[in-house]
Every structure is written in C-alpha cells, then in structure tokens.
Amino acid sequence: MSHIRTPVSPAPPLSRRRRWAGLAVLSASLLVVVMDMTILNLALPSITRDLEPGSVELLWMVDAYPLALAGLLVTASVLADRWGRRRMLMGGFAVFALASLGALVVTGPLGLIAVRALLGVGGAMIMPTTLSLVRTLFTDPRERATALGVWGSTAAVGAALGPIAGGVLLEHWSWPAAFLVNVPVMAAALVAAALLLPESRSAEPGVLDPASVVLSVLGMVGFVYAVKQLAEDGLEALSLAALLLALALLVLFARRNLALAHPMLEVRLLGQRSFSAGVLTALATSIAMAALFLLVSQWLQLVQGWSPLQSGLALLPAAVTGVLAGPFAPAVAARTGARAVLVGGLVSGGLGFALIGVLPQPLPYAGVAVGLGLVGLGTASLAVASAVIMSAAPADHAGSAAAIEESSYELGAVLGVAVLGSLAAAVYRAGLPVGGLDTLSPADAAAARESVGGAVEISVRSGPDGAALLVAAQEAFTEALAVTGLAGGALMLVAALVVARLAPRDLDVSAGH
C-alpha cells in the first residue's frame, strides 16, 4: 500500500507588522542560545572554585552542551517539520528555561553536567527551528533575504555579546546568574511565540528513519567528541579511531539519505553550488571566530589583567560592526551581487585576523580592537550566507537546510577551538623557556605548560619567585595569539577564494524558491 501524504493548506499571509515582530522573537531567542555558548568561558573559573570538579568532570562541563546540540540538530529539524515548527520551538524554550532553573539546585559537577546537556537539547530544538520559521514567515524573496540577514547577524553578534553579558553577571552575582538570566527571556519568548508565530509544517517532511537517527546522532556526537579529544590529548590511537568511526557513520548516513525517497535530511542540497558556498562561508567564519573570541578573552584577562566585565566590553568592536553590517548586507548584495558580499566578508574577517598576527609585540589593544572590528564587519558574509542557503532550498526542505546550516556553525565552533586552539597551545608551550620551569614541582610545571591560566595561578602562589614565570607565560601566550591570528586569517582568505569559484557570478538571494 503506498504512503499517502495529506496536503498541507498554506497559511494565510501575515501582516507586515506581525512578520517582523515574529522575527524579533526568533532573533531574541537565538541570541540567548548563542550567548549561552560563550558565557561559560568566563564563568568557568568561578564554577571551578565552587564545585571543585576533577579534570574529566571539567571537560564534560564544557562538552555536554555542544555534544547534545550537535547530536540532535538533524533529528529535531525533522521532528519540527512533521510535528510543527512553532510547537517544537516553544518546547525548546520550555526545556531551555527548565534547564537554566536547574542551576539553582546544582550541588556538584555531575549536576552541572546534566544542566549543560539539557541546555544542549533545548538549543537543538530552538536553533534550526528559528531559521526554518524565518524561511516560512517571509514568502516574498526580497523581504526574506533581509530577514535572513538579520537572523544571520544575530547569530554572529551573540557570540560577541556573550562575554559582555557574562562579565556583567559575574561582576555582580555568582555563576548561577549566568544560567538564571535565561529563564525570564525564555518565558517571555514562550508567550510571544504563542501570540505572534503561526504554526508551520512541511508538506513533504522527511521520514523519521530510525537507522538515520542512530547514524546522525552517533556520527555527530562522535565527531565532536573525537575532535575535542584530539585537541586535548594529541594524536592518540583511541581518539583517531573514534574520529574515523564517526566519519564512517556520517558517510553511511549521507548514503542512506541519498537512497531514500523521502530522506530525513535532504543531502542533495549540498550538490547546489550556491548552497555549498553559503555552507562553506558559515563553516570557515565559525572556525575562525570561535578560536578568536576564546583566545582574545583569555589574553585580555590573563595577560592584560582585565576583569571579566572589562574583557567583555573590550570585545565590543566586533559586536558593533556586526550589528551595523549584518542587517544591511542583503541590500548591498542586491546591488553588488551576493557573491561579492560573501567573498568580501570573508576577506574582511581574514584581514582582521591577519592584523592581530602582524601587530608589534606586546600587542596593543588599539590594534586588536581594529582587528576585531574588521572581523565583525566580515560577519556580513554570515548574514548573506543564511539568505543564500535558505533561498536555495524549497520551502518544504527548509528544515533540512536549517539543520545543515546550524551543523556548519556547530562543527565550525568545535573545529576552531580544537584545531586553532591546539595550534595556540603548541606555540605557547614552545615559547616557554626550556629551563624556566625547573624550579617548579612536576605537577606545577605540567600545569604551567598546559595553559597560561595554570601558569598565572602558579605564579601567584609562588610569590616573588613566580614573577619570571608570569612574564614568560604571558609573552608566550601573546605570541600564540599572534600566530593563531595569522592561521585564522589564512583560513578565511583561502575560503574566500573557494567561495568565489563556487558561487555563481549572478547569485541573487532575492530570487530563490
């Protein structure tokens, strides 16, 4: 007996005011989820002092969120297409709020790991659903391009605003405040979503294939975990085996979905040159930005000696230029072509990174601020990348397009911290004086080599004898930041060349389906 699909009647068009109010709800909720990813970087020292986690527990505190998020993105998108995108979004808001409330009852590391994992579940329900709802809210291609530009710049700006919000919260309250601030925002978003957003489903949703679910979850989680372990432990056999197994599972997932008549994920979208150009832009920018914000935040606090709040505010140049560039990027693309904005954004970001790499030592903050501003300006490419990706996909495949785009952001963040972070760690260790740690105990010497944070803590405990260690560690980390800036700049410039070849010359984000 053939499977008969019930046709979905199109919803009546919404008023212009309601469409843009709905976009505000989607963007605000996305902003909170993205900011939550970066706030933890500032809160970790306070959490460590309070909960006293072991090294493995500390690793899982950081990793639980991205592992849950990456593993469930595809499944959540498919469920939203079938169950209802607004319903899935509101469910994600509720999960995110409840998980954030859980910080009140956390008494140990395992409790916080559970909170972070549940936040990842909520994030997986929210992130791709906001994007597919933008795709269905705005039926006019030109208006949709502008809305997707706002969405794309919101994702980029959230990464820069996270440390600022975290700094403000940690300056006045303890670390649970970094979680509890999500609760009122998500409660308001629940009410606003119920009032403003229409329900939306796909007329041809992907089949919820159990084998594909297992392959996607195990493949994505395994890939993220393996990359993180390789960054932590180096080229160990177990981590390499986990990476190869994860890649094999993802290949099997892709092959299975290519063979299915109604796949869970429409992998064929990647065969479109414009779609692939948008995905590559998102991936390359995420790789570079994740590493930059992590390393610059550490440099500001551990080398410059600034407070979390001061350090967060010091990242404002990226947020300000991102806010200015993102919403206007689709209009510029309409005049100059989408390819020019994609390539120009990547070039701007690459030059910002390279500037940090060539500044004289010790790095002057003024020069770093200019580099951050260029990187923020480059997020215009992210705004247009979202429009390119979603305009290349039919409305019924909006969930698949959103899942692929969000996966590129998530994998980019993981790869950036792992690959560029590992490069920074190697340069830092190589920069420490060979005999400079001989006076330390083996445990202290290992901690000083592990990170600049460890070296700063040991230097404080060592009194006057730790002054030389502090200077050496700070100089080594500054050099590591510069080298990583050059590597990130090279990555974005190479990506610009590839995108220039991939994207059609006449690419128009105001056309689309």
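Predicted model: local features only at pLDDT ≥ 70, side-chain atom pairs only at ≥ 80, totals over all residues.
Trainee: Why is α14 called roughly antiparallel to α15?

Mentor: Look at the angle. The axes of α14 (residues 338-358) and α15 (residues 365-378) cross at roughly 165°. Angles over 145 degrees count as roughly antiparallel, so α14 is roughly antiparallel to α15. Their axes come within 7 Å. The crossing is left-handed.

Trainee: Which residues of α14 and α15 meet?

Mentor: Gly-345, Ser-348 and Gly-349 are among those in α14. Gly-367, Val-368 and Gly-371 are among those in α15.

Trainee: How many residues of each class does the contact of α14 with α15 have?

Mentor: Nine are nonpolar, seven are polar and none is charged. Gly counts as polar here.

Trainee: What makes α13 roughly perpendicular to α16?

Mentor: Again, the angle. Helix α13 (residues 329-336) packs on helix α16 (residues 380-391) at about 75°, with the axes 9 Å apart. The range 65 to 115 degrees counts as roughly perpendicular, so α13 is roughly perpendicular to α16.

Trainee: How do you know the class of the residues in the contact of α13 with α16?

Mentor: Read the names. Ala-329, Pro-330 and Ala-333 in α13 meet Ala-380, Ala-383 and Val-384 in α16. Ala, Val and Pro count as nonpolar, so the contact has six nonpolar, no polar and no charged residues.

Trainee: Which residues touch the most other members of the largest nonpolar core?

Mentor: Leu-112 and Trp-175, in a core of 71 residues. Trp-175 touches Leu-112 itself, and also residues including Ala-43, Ile-47 and Leu-170. A second, separate core has 57 residues, including Leu-292 and Leu-481.

Terms used:
Residues numbered from 1 in each chain as written. Heavy atoms only, no water. Axes fitted to C-alpha atoms, helices over the stretch in contact; angles between N-to-C directions. Helix = DSSP H or I, 4+ residues; strand = E, 2+ residues; numbered from the N terminus. Parallel < 35°, antiparallel > 145°, perpendicular 65-115°, else oblique. Left-handed = near helix turned anticlockwise from the far one by under 90°. Contact = heavy atoms within 4.5 Å. Core = buried A, V, L, I, M, F, W, Y, C linked by side-chain atoms within 4.5 Å. Buried < 20%, exposed > 50% of the residue type's maximum accessible area, 1.4 Å probe, protein only. Lists of a residue's contacts leave out its neighbours within four places in sequence.
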